[in-house]
Amino acid sequence: MRPVLVVAAGEWRWWLRSRLALAGALLVVGLLLAATWVTALGMQAERAERLHHQVEAEAAFRAQPDRHPHRMVHYGHYVFRTPAPLAALDPGLDPVTGQSIFLEGHRQNTAMFAATAASADLGRADTLSPALVYQWFGPLLMILLGHGLFAREREAATLGALMAQGVPGTVLVAGKALALLSAAVLLLLPLALGTMLAVAQGERPAAAGALVATYGLYLACWGALSLLVSALLRRRAAVLAALVTLWVVLALVLPAVAVSAAARIAPMPGKIETDLVMLAELRRLGDGHNANDPAFARLREDLLARHGVQRAEDLPVNLRGVVAQFAESRLTVTLNRHADAQRAAEARQAAVLARAGWFTPLVAVAEASRAIAGTDLAHHHRFLQQAEALRYGFVQGLNRVHAEQLAYADDIRRSSDSAAERRTRVDAANWQLLARFRFEPDVPVARIGRAVPPWLMLVAWLATLAAAAVWAGRRLAP
């Protein structure tokens, strides 16, 4: 073990004397600290603002005066997706998927107010977050530190002297790998500080630790790649050129190719096409505002027969409210079917993209990072589903008030009879049926579970590169 530590200490002495290595390290660390600070402040402000808007939206809904319940169905309500604490380190999809949804009767609206335009890879790089700094610039620092590990020894004619003294190539590989690993650990300190701040804001330590471990695996992969190429090639210029080329291919070219391939392999239908199909289906369901629509004739007959009356006016419930409930239920089934199909298409495309992690570790680490941070596609889909559950709940609650508290005779005359119109206004206390909405990330176990497949990809990358580096160490020659 001592020879390994001696080799590692020698590398650290050289790095500390090298102005280029020291300047590169300080630049990346400074960039990390700045990105962490700026992103954390931005996401904290976003979280506070969205929570404020959520509270205001709920207060505005509940503060409405006495009125017809169906007017409140169309008055609607806003819900906001507040970012998770770890979103300060990896905003993920937050800037591209929309932050709020307007909930109203008879339709499912899409999320809106995205900070930037969405892209096919569901997580574009419009802002320099700590996650992107680690994904793009972390490898460059590992390349800067690792490209001369063996090539420098060859050029200085010290490699042969070391091996002549009986130092095996595997010991040299282990010592230099330990030096790179310790450098990666130091590079992770800003991330660890960021996760500690997230824990202070309510994040679970398990998720915070998993995020640090994810980037530790990623940096270790690039360290192993630098070690391998430096052991194989003889000159530092060739090693540096090869590693930079690999960085361009693995960090820039292949992720872009993977996005295009995912869009072709798992294409999604256009919005106009799907909306036209859905609208055609909805028209066949009938107009829930018209109790005499032929689509509800069977409902009307069954209701009259069940209560043993001949006229809608004699029913113990308001036929128009019952029709509104029935129509909203059928309509929601159709809306949910189309929404589920859209989410399934997005998930298929995301799954195709995720498999590109076998070809480039950047895709794997990005997938794992977003999953753990609670900013991935699964969280966006859960936000849509929770928003829809809230929408359906308050719309049907208001339809139930319509059916049970308003007289049918007053309801059909309220447009022409001011007294009937006043009687169809229900007490504003009914607006309290709106449930409180606060979006929270999944529990750490679920998030970490989704990160396991990309973790396996990173482990496979690291194991392959480490085995290749050991093989190269055994064949090491001056």
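This is a predicted model: local features need pLDDT of at least 70, side-chain atom pairs count only at pLDDT 80 or more; totals for chains, interfaces and linings use all residues.
Local features were taken at pLDDT of at least 70 and side-chain atom pairs at pLDDT 80 or more, whereas totals for chains, interfaces and linings use all residues. Residues are numbered from 1 along each chain as its sequence is written, and side-chain values use heavy atoms, without hydrogens and water.

Helix 1 covers residues 2–17; helices are DSSP runs (H or I, at least four residues) and strands likewise (E, at least two), numbered from the N terminus. V4, V7, A8, E11 and W15 are the buried residues of helix 1, where buried means under 20% relative accessible area, exposed over 50% and partly exposed in between (1.4 Å probe, protein chains only). Seen down the helix axis, these residues fall within an arc of 95° (from the directions to the C-beta atoms), so they line one face of the helix. The face turned away from the buried side carries the exposed residues R2, L16 and R17.

Aromatic pairs were assigned to rings of Phe, Tyr and Trp (its six-membered ring) with centres within 6.5 Å; planes under 30 degrees apart count as stacked, over 60 as edge-to-face and the rest as tilted. By this rule there are nine aromatic pairs. The rings of W12 and W15 have centres 5.2 Å apart and planes at 80°, so the pair is edge-to-face. W12 is partly exposed at 26% relative accessible area, while W15 is buried at 3%. Y78 and F102 form a tilted pair, 5.0 Å centre to centre with 45° between the planes. This pair links strand 1 (residues 77–80) to strand 2 (residues 100–103).

Terms used: The expected span of a helix is 1.5 Å times one less than its number of residues.
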